[in-house]
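Have the sequence and the 3D view ready.

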Amino acid sequence: MSDFPTRARVVIIGGGVVGTSSLYHLAKAGWTDCVLLEKNELTAGSTWHAAGNVPTFSTSWSIMNMQRYSTELYARLGDEVDYPMNYHQTGSIRLAHTAERMQEFKRAASMGKYQGMDLKILTPDEIKERYPFIETHDLMGALYDPNDGDIDPAQLTQALAKGARDMGAKILRFTPATGVTQNDDDTWIVHTEKGDIHADYVVNAAGYYAQRVGEWFKPYGGRTVPMMVMSHQYLLSEEIPEIEAHTKAVGHKLPLLRDVDVSYYLRQEKHGFNLGPYEPNCRAHWATPDDPMPDDFSFQLWNDDLDRIEDIVTDAMERVPLLGTSGVSRVINGPIPYAPDGLPLIGPMPGVKNAFEACVFTFGIAQGGGAGKVLAEWITQGFTEWDMWSCDPRRYTDYTDHDYCVAKGMEVYGHEYAMHFPWHSWPAGRDKKLSPAHAQVIAKGGQMGAYNGWERANWFAQPGDDTSEEATQTWGRSGPWEQRIREECDAVRDNVGVLDLPGFSRFNLSGDGTAEWLRGMITGGLPKVGRMNLAYFADDRGRILTEMSVLRHADDFFTLITAATAQWHDFEILKNALPDGLTLTDHSTEYGTLIVTGPKSRDLFAALGTEADLTLPWLSIQPATVAGHPCALARVSFAGELGWEIHAANDHIADLYKAVTDAGAKPFGMWALNSLRLEKGYRAWKGDLSTDYTLFQGGLDRFVKLDKPQDFRGKAALLAEKQQGVTKRFVTLIVEAGDCDAPYMSTLWHNGEIVGETTSGAWGYRVNASIALGMIRADLAVAGTEIEVEIYGERRKATVQEDQPLWDAENERIRA
Ligand SMILES: Cc1cc2nc3c(=O)[nH]c(=O)nc-3n(C[C@H](O)[C@H](O)[C@H](O)COP(=O)(O)OP(=O)(O)OC[C@H]3O[C@@H](n4cnc5c(N)ncnc54)[C@H](O)[C@@H]3O)c2cc1C
């Protein structure tokens with residue numbers, strides 16, 4: 001084949017909507033020298049049979065951004081690439097049966113408004129006006145999204161393909177990739193049945209085949225792609241004369257209906273209906289040895305399985321009785337891939353240089369447009385416009401084995417439209433990684449949550465407390481946990497508490513020149529030997545890439561500690577830049593941490609017996625023995641009281657936890673810690689600290705040394721920002737909050753204008769107030785400014801606080 005390309009800047013494996021959108025966006029960014037390989041015809045995977053719904057709804061900021069962008073792109077794409085296609089923006093009505101659901105909708109409406117979308121709350125009468133065929137007697141209301149609609153997925157893919165080709169990108173159909181080889185310089189050879197292609201970057205966009213394609217990358221540092229495949233069905237009804245008459249009368253289709261509390265969508269398809277349930281009684285495919293994944297499933301479907309969805313169909317016929325007047329004309333039952341949280345994998349492939357993922361899409365039609373943009377940004381710039389941690393492949397680490405993926409995929413599918421209450425921990429796939437003190441924590445009433453697969457106590461229940469799942473179904477602050485969190489915070493304030501914190505990400509870094517290299521990586525300075533501090537890593541825009549605690553054992557020997565979930569993300573930041581001669585090792589699973597904090601913590605250590613010097617100042621570190629066990633003591637407290645972190649090898653954690661609790665430390669959980677850290681204004685990773693904000697916006701000025709000689713990443717951007725001034729600024733707010741504290745991304749209002757957003761919020765038990773951290777227009781970041789925070793649709797008064805901690809502003813208690 002003479003025109004077979006033997007070289008490309010990027011090779012994309014997979015020609016579904018996502019791969020094609022990625023190619024289109026790469027070409028738009030000027031990277032036209034790219035090739036897409038499709039083993040069959042474009043759309044042969046999940047794309048051809050998708051229902052084509054394009055919602056914008058999400059309570060995740062990044063997902064909403066991605067989906068909103070898709071709707072904007074799809075609306076103009078046909079004209080832009082001269083490929084007409086069927087895209088109907090019919091609007092959608094999302095029904096609420098409960099007050100909690102209405103609260104969720106109001107939150108989404110507020111986020112949508114911030115993104116420029118006119119999402120509206122409807123009363124039952126207003127629902128009926130827009131959808132005359134519906135029964136509304138038992139509904140609380142609905143959310144109306146004018147941007148929602150449906151698109152023909154095949155036309156969409158072809159339009160993106162045409163756009164990409166017109167700009168010079170190449171699409172090779174009927175050309176399966178058969179493997180990859182990485183060259184010494186980290187570039188690639190992608191093998192196909194028709195020949196090899198040399199490429200700088202490779203993208204796995206193989207849809208439900210992503211795990212298979214992912215295996216090829218294992219020799220180069222890759223892992224098994226965390227995913228599974230569900231069977232998903234929709235039913236097409238016969239034509240219904242009333243629908244035809246209605247369409248003719250009003251001149252447009254019915255809005256798409258989603259009865260999320262029952263778990264289905266119902267859409268007008270021509271003059272009939274398309275009904276798509278997400279049934280709790282669901283079916284995984286290709287998950288067991290007796291149901292192996294075929295080598296090729298192009299353009300294939302499974303047989304109908306209507307029993308599974310019977311209850312939902314019956315419910316839908318009661319909601320829209322017109323549906324029951326027609327028969328089923330066709331059933332589509334196709335494969336839909338799921339990552340363990342139901343969100344796709346978009347971004348750098350963990351462990352592998354110059355390889356990316358854009359795969360495992362559960363809503364690939366709705367997200368495909370935005371996903372292509374994000375993927376192209378990752379490759380061409382190394383960062384994305386919006387913080388995309390929610391979809392970052394590195395959010396999963398070593399615990400996502402096959403059973404886990406299947407259990408979580410089924411859980412997510414069966415609860416596709418469920419509300420994600422802040423107090424609820426999803427039960428599937430638990431106990432993947434346990435602290436050596438786990439049994440003790442459980443025995444003391446620990447109510448657990450999973451953090452990078454590690455089980456940690458969120459709160460400690462006392463006998464008689466309601467620990468049922470039902471009790472957690474609230475957005476409100478109140479619940480069985482509230483009094484316990486208060487008691488745990490009180491103990492930390494007045495006495496001493498202990499939190500078993502397994503799974504901190506922990507890297508050792510050593511070798512001649514380590515300190516000098518690290519200075520060139522971080523924005524600020526390094527601690528002296530025997531001390532620790534916080535260090536920040538910026539991206540090219542000066543935005544907050546990550547935060548690490550730096551513990552300095554010797555001139556060129558450091559331990560870096562970061563959030564549990566940041567393990568692979570942060571390790572790669574270091575590894576990918578590491579010069580020869582330095583050694584970087586990951587010890588996250590070998591050590592545990594106990595936070596021992598409170599004004600009596602010094603007495604407790606003394607009582608336990610330790611030769612450690614407990615007079616060493618705040619932020620000092622020392623090797624020690626506590627109760628006869630070797631460990632390291634770091635004098636620091638994320639809770640903002642006198643305290644030490646005990647870092648010890650796993651073998652000693654259970655005994656140390658027993659010794660500390662026997663000596664009187666009260667166990668506290670992550671929710672108490674969250675409250676305590678908010679009172680100190682300490683930022684949490686991927687809430688307050690994200691690539692949505694620069695370090696200066698984040699109020700981290702004291703961690704940026706622009707005058708140091710090292711040319712760290714982001715320095716030029718931060719210098720420029722320093723001169724121009726920030727446009728928004730991190731603030732602490734006290735909120736007159738009512739029953740609910742402000743969740744992440746609650747909108748801030750001032751004089752009827754949107755002026756910012758919260759990045760986290762909770763009740764502060766020491767200061768007895770509802771606290772929110774957030775970002776506000778810089779001119780309003782002045783103590784005493786009164787604004788409003790929109791919390792689940794209710795605007796609540798809030799006041800900007802002084803730029804200092806609410807609790808112990810002078811840090812006297814930590815330094816005691
Ligand atoms: C019944 C049903 C209804 C759905 N409805 C909707 C909906 O309404 N809205 C929505 O947003 N989503 C919907 N989805 C989900 C949607 O179909 C998928 O999320 C989307 O199609 C995924 O697109 P993709 O490009 O990631 O994967 P795919 O479309 O599966 O594309 C992957 C491509 O990779 C190719 N490939 C694999 N291996 C190789 C190789 N070695 N070499 C070359 N090529 C390879 C495959 O042939 C395939 O074409 C639905 C899914 C189902 C099953």
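Contact here means heavy atoms within 4.5 Å. The model is predicted: local features need pLDDT of at least 70, side-chain atom pairs count only at pLDDT 80 or more, and totals for chains, interfaces and linings use all residues. Residues are numbered from 1 along each chain as its sequence is written, and side-chain values use heavy atoms, with hydrogens and water left out.

**Exercise 1.** Find which residues of helix 8 are buried, and what covers them.

*Solution.* 
Step 1. Locate helix 8 at residues 310–319. Helices are DSSP runs of H or I, at least four residues; strands are runs of E, at least two; both are numbered from the N terminus.
Step 2. Pick out the buried residues: I312, V313, A316 and R319. Buried means under 20% relative accessible area, exposed over 50% (1.4 Å probe, protein chains only).
Step 3. Look down the axis of helix 8. Its buried residues fall within an arc of 120°, so they line one face. The arc is taken from the directions from the helix axis to the C-beta atoms.
Step 4. Turn to the face away from the buried side. It carries the exposed residues D311 and E318.
Step 5. Name the cover. It includes strand 4 (92–96), strand 12, strand 13 (256–259), strand 14 (264–269) and strand 15 (272–277).
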